[in-house]
Amino acid sequence: MRAIELTPEQPVSTIAQLGATAERVGFDAAFVSHHYNNRDQFAALTAIAGETDDIDVGPGVANPYETHPVTLASRMATLDEYSGGRGVFGVGPGDASTLANLGIDPDSPLRRVLETFKIARRLWDGERVDHDGTFEAADAGLNYEVGEIPVYVGAQGPHMTRMAAKHADGVLYNGAHPRDYAWASERVAEGLDERPDDRGEFDFAAYAAVSVAEDGEAAREEARFPVAFVAGGAPPPVLERHDIDREAASEVGDAVSAGEFREAAGLVTDAMLDAFCIAGSPAEVAADIDAVLEYADSFVAASPLGPDAERAIELLGELE
């Protein structure tokens, strides 16, 4: 799979056109991210589906806290139906900081995600479902037929990554450096050791922030904003893996929490950029993607994509 992720910070019509560009230059799938303060994820995905013929479409990722998991399963099934069977269900625990804005405590994230897609699969198979776990459902069912929809789990930590390899069709592993993927590949192998034989093949997908432009320095500058969010919230083991100073990362996180995003971006160091984003000229980005693919099976180029998103998608489509 060669895919992109689009963040609906722009109007849905613009996102739809970017999805069409991705199909035109040869991408296999387009994911759309979700935060309540951006445009609606499923509206954007539906618009992409309407502007394309072959590219797969799916949330990257949907979280099962803001929306009841049964309702989320129905939304995903609706997208799959509308797109002619091109749906891919990306599901993960979501961003804790934006969930906190809504008064939501994402407790038991691994169980919630696992229960969500297991129940979704049963609903898509036409079953009526009773469930009493991290959420409740009583005699729930869908009043229409649904085809098979692959499930990809958004993951970064060890337990979610192992769970995805054991139970899902793929993982969207959030990282940008070969060092992270070397570590994650071991977690995937652990999960695959426990995977039932009848579950089919598994796709270890790198889900990496990418910024590309003919002007490599401009691409790196564009990456500072998303990297600030990653670096500011990175746990100590991740910082240690990349030899990033904890105090420097804490200063970035404090600026993000205060809403001082420009200041936070200015505090991002070169080491943070190298660790948490693939950024630069097409040749530089191609080399970094190849290094990640030494461990991963497939690649998703995630936001920001570049200073000019459409041109960045075209450049990425030209990479071998």
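Biologist: Let's start with H14. Which strands and helices do the buried residues of H14 pack against?
Modeller: They pack against strands S1 (2–6), S9 (203–212) and S11 (298–305), and against helices H1 (12–24) and H13 (282–292). Before going on, this is a predicted model, where local features need pLDDT of at least 70, side-chain atom pairs count only at pLDDT 80 or more, and totals for chains, interfaces and linings use all residues. Residues are numbered from 1 along each chain as its sequence is written, and side-chain values use heavy atoms, with hydrogens and water left out.

Biologist: And which residues of H14 are buried?
Modeller: In H14 (residues 309–318) they are Ala309, Ala312, Ile313, Leu315, Leu316 and Gly317. Buried means under 20% relative accessible area, exposed is over 50%, and partly exposed is in between, with a 1.4 Å probe and protein chains only. Helices (H or I, at least four residues) and strands (E, at least two) are DSSP runs, numbered from the N terminus.

Biologist: What caps the N-terminal end of H14?
Modeller: Asp308 does, with a side-chain oxygen 3.2 Å from the backbone nitrogen of Glu310.

Biologist: Okay, zooming out. How many helices and strands does the protein chain have?
Modeller: There are 14 helices and 11 strands. The radius of gyration is 19 Å, close to the 20 Å from the globule rule for 320 residues, so the chain is as compact as a globular protein of that length. That radius is taken over C-alpha atoms, and the rule is 2.2 Å times the number of residues to the power 0.38. Along the principal axes, the C-alpha atoms fill a box of roughly 55 × 40 × 40 Å.

Biologist: What share of the residues is buried?
Modeller: Buried residues make up 52% of the 320. As for contacts (heavy atoms within 4.5 Å), take those with a separation of 6 or more: residues 24 or more positions apart account for 73% of them.

Biologist: Now helix packing. At what angle do H8 and H10 cross?
Modeller: Roughly 115 degrees, and the axes of H8 (residues 216–233) and H10 (residues 246–257) come within 7 Å. Those axes are lines fitted to C-alpha atoms over the stretch in contact, and angles run from 0 to 180 degrees between N-to-C directions.

Biologist: Which residues make that contact?
Modeller: H8 brings Ala228, Phe229, Ala231 and Gly232, while H10 brings Ala249, Val252, Gly253 and Val256. They divide into six nonpolar, two polar and no charged residues. In that scheme Ala, Val, Leu, Ile, Met, Phe, Trp, Tyr, Cys and Pro count as nonpolar, Asp, Glu, Lys and Arg as charged, and the others, Gly among them, as polar.

Biologist: What about Met272, buried or exposed?
Modeller: Met272 is buried, with a relative accessible area of 0%. Met272 lies in H12 (residues 270–276). Leaving aside neighbours within four places in sequence, Met272 is in contact with Val227, Ala231, Ile244, Ala248, Ala249, Val252, Leu267 and Cys277. Arg224 is 48 residues from Met272 in sequence, yet their C-alpha atoms are 8.8 Å apart.

Biologist: And where is Ser281?
Modeller: Ser281 is in the loop between strand S10 (278–280) and H13. At 16% relative accessible area, Ser281 is buried. Beyond four places in sequence, Ser281 is in contact with Val212, Ala213, Glu214 and Gly216.

Biologist: Switching to the backbone, which residues does a cis peptide bond join?
Modeller: One joins Gly60 and Val61, with omega about 0 degrees. Val61 lies in the loop between strand S3 (56–59) and helix H3 (69–82). The bond from Ser303 to Pro304 is also cis, with omega near 20 degrees, and Pro304 sits in S11. For background, most peptide bonds are trans, and most residues other than glycine have a negative phi.

Biologist: What is phi of Ser108, then?
Modeller: Near 45 degrees, a positive value in a residue other than glycine. Ser108 is in the loop between helix H4 (96–101) and helix H5 (109–124), and is partly exposed at 35% relative accessibility. Asp139 has a positive phi too, near 50 degrees. Asp139 is in strand S6 (residues 136–140) and is partly exposed, at 46%.

Biologist: Last one: what does Thr116 touch?
Modeller: Not counting residues up to four places away in sequence, Thr116 touches Pro64, Pro69, Phe89, Val91 and Phe135. Thr116 is in H5 and is buried, with a relative accessible area of 1%.

How values were computed: Polar contact = N/O pair within 3.5 Å; in protein donor to acceptor, adjacent residues only side chain to side chain.
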